[in-house]
Amino acid sequence: MAFDGITISALTKELKDNLINARISKIAQPESDELLLTLKPVNGGQLRLLICASASLPLLYFTEKNKQSPITAPNFCMLLRKHISNGRIVDIDQPSLERIINIKIEHLDEMGDLKTKTLVVELMGKHSNIIFLNSDGMIIDSIKHIPSSVSSVREVLPGREYFIPVTIEKRNPLNESLNDFVNTISSSTSPLFKAIYNNYTGLSPLFAHELCYISGIDSDVNAADVSESSLTSLYDAFDKNMQLIKAGNYSPAIFMENGVPTEYSAIDYSSFKNKIKFESISSLLQQYYAQKEQITRIRQKSSDLRRIVDTILERDIKKYDLQMKQIKDTEKKDTYRIFGELLNTYGYNVAPESKSVTVLNYYTNEDITIPLDPTINAIDNAKKYFAKYNKLKRTYEALITLTAEVKAEIEHLESIENSLNIAVSEDDLNAVKEEMIVSDYIKKRSHDKLPKVKSKPFHYITKEGFHIYVGKNNLQNEEITFKLANGNDWWFHAKKIPGSHVIVKTEGKEIPDSVFEDAARLAAHYSKAANSQKVEVDYVRRKEIKHPNGSKPGFVVYYTNYSMLADTDISHLTEIN
């Protein structure tokens, strides 16, 4: 989710609470579009404020991490050091509910006179920028220069007057009355949620959907078709949230889905059930984007492996489909055999040059018509049918073996694909790469050296104190199933779906039903069906599990088992690192 005006509002409050009268101790520019300010608050200590104007990921929050800066500071950084080093922050504000924060700074100029300048942080997606203004609102410089050739709406260059660009006229949601709200929304022909965020400054689609949810109104309905009473209910929800923002009553939370952060907000959303609450918006943003960045980085690093898996998988699926079609074509073989047997039995009744003959099929006690080649006699026709039968039989037997091999490879590739999906570190990717080399999907060159694999299985502990291990890839699946587990431990796996092996260590104790359910949830969560509401999971004592000789890594068989339906929510489980 991009920064919206409500998130900026929460950040503005947090900055004001911590930084009014704070001194700017250090100014660094670690990246071309990023500032890191070190500040000394009046109550002592030190704070670091990260400001990033990246087009793809604009951010602003307090951070404990320092960043290495270039040896030679960029020009914008040098300019800020000249003007506001040791300056005092006197005010921080957000105009309307815009995605803008103004940081006003007092400092002494070269003549010793007290001056006030403003650092404007615009967190507007691809239009994000950090702009430095003098006391008259003129641009001294900016971290990104925007000439007229780039934007016809506003130039951002030294010497130009600063103003907030207005590309679409929007209303200030903090000052909206019931009548104006009803008139604004009802005059729109867009879906209701779009009518909300398109007409009001700083509101996101997520917030608009939340308003519709708590008002019990379909967010996709045409805004012009919504009744006045429904719009009044919608305004009540709208105004309640605006009052929270005005009062500074924020409830920062990350919303989780299947253990993965999907959205966040500075205020509480009823439409999300699984959430992690935070004391501050900065700590939320730091964790949310750190996790998002980690997921994105691992996805990028796994792209080459994914491409190899996808290519081989696509080829194998086409091959398997063709083979299954060929098997279907061999279904006629038994018909040809019966034709041959019947012609051997009744051939003496067939007149020469007949094109067909109808005889009694003694397998079904029904008459059957057999097509004939009129140029040869009945016995030769029988031989011809037997030859077709034998050919199709040989084809069928060969295809049965081939399809079993191809199907096993497809299942193995899908399990590797699942391993890539659940990888959380480079060590996990190295482990998958090692498996792909062992399986000959990647040719290892003589000079290639794989890093030592340090990947470990997921390790969870239930509230009852039972330890559960989850394999991240097929080699780990074999390790936890056949080395870590003993015969009386319990083994779980999503039924007939690529996924992780899950082991519950019993340590000689009887495990309660809740632990069985938690282990099943883990098996469902770390399977290809992770996005399903319910997944069928098999479970059995470890001693019932066998690994057939010559089979793919991670492939096992079992003949007696229990099954249960499980959801994929593991947010209540504690992972041990």
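This is a predicted model: local features need pLDDT of at least 70, side-chain atom pairs count only at pLDDT 80 or more; totals for chains, interfaces and linings use all residues.

Biologist: Thanks. Which elements each supply at least two residues of the lining of the largest pocket?

Modeller: They are β10 (253-257), β11 (260-265), β12 (275-277), α7 (281-301), α10 (378-422), α11 (426-438) and β15. With five residues, α7 gives the most to this lining.

Biologist: How many residues line the largest pocket, and which lie nearest its centre?

Modeller: The lining has 46 residues, and V260, I422, V424, F458 and Y526 are nearest the centre. By type, the lining divides into 19 nonpolar, 16 polar and 11 charged residues. The space in the largest pocket comes to about 1400 Å³.

Biologist: Let's turn to aromatic rings. What makes F193 and Y197 a tilted pair?

Modeller: A search of the whole structure finds 27 aromatic pairs. In the pair of F193 and Y197, the ring centres are 6.0 Å apart and the planes meet at 40°. Rings pair if their centres lie within 6.5 Å, and planes under 30 degrees apart count as stacked and over 60 as edge-to-face.

Biologist: Where do F193 and Y197 lie?

Modeller: Both are in helix α4, four residues apart, which is about one turn of the helix. An α-helix has 3.6 residues a turn, so residues three or four places apart point the same way.

Biologist: How do you know that F193 is buried?

Modeller: Buried means under 20% relative accessible area. F193 has 11%, so the label applies. Y197, at 18%, is therefore buried too. Also buried in α4 (residues 192-199) are L192, A195 and I196. The buried residues of this helix pack against α3 (178-186), α5 (205-215) and α6 (228-247).

Biologist: And why is I480 called buried?

Modeller: Its relative accessible area is 1%, which is under 20%, so I480 is buried. I480 lies in helix α12 (residues 474-484). Beyond its neighbours within four places in sequence, I480 is in contact with P457, Y469, V470, G471, A485, H501 and I503. From I480 to Y469 the separation is 11 residues in sequence and 7.2 Å in space, C-alpha to C-alpha.

Biologist: What makes you say that the charged end of K472 sits over the ring of F458?

Modeller: The charged end of K472 is 4.7 Å from the centre of the ring of F458. The distance cut-off is 6 Å, and the charge must also be within 35 degrees of the ring normal. K509 has its charged end over the ring of F466, at 5.9 Å from the centre. F458 itself is buried, with 4% relative accessibility.

Notes:
Residues are numbered from 1 along each chain as its sequence is written. Side-chain values use heavy atoms; hydrogens and water are left out. Buried means under 20% relative accessible area, exposed over 50%, partly exposed in between (1.4 Å probe, protein chains only). Contact means heavy atoms within 4.5 Å. On a 1 Å grid over the protein atoms alone, a cavity is a set of points where a 1.4 Å probe fits but cannot get out, and a pocket is an open set with protein on both sides within 12 Å along at least five of seven lines; lining residues have an atom within 4 Å of a point. Grid points are joined across faces, edges and corners, and a volume is the space filled by probe spheres set on the points. Ala, Val, Leu, Ile, Met, Phe, Trp, Tyr, Cys and Pro count as nonpolar, Asp, Glu, Lys and Arg as charged, and the others, Gly among them, as polar.
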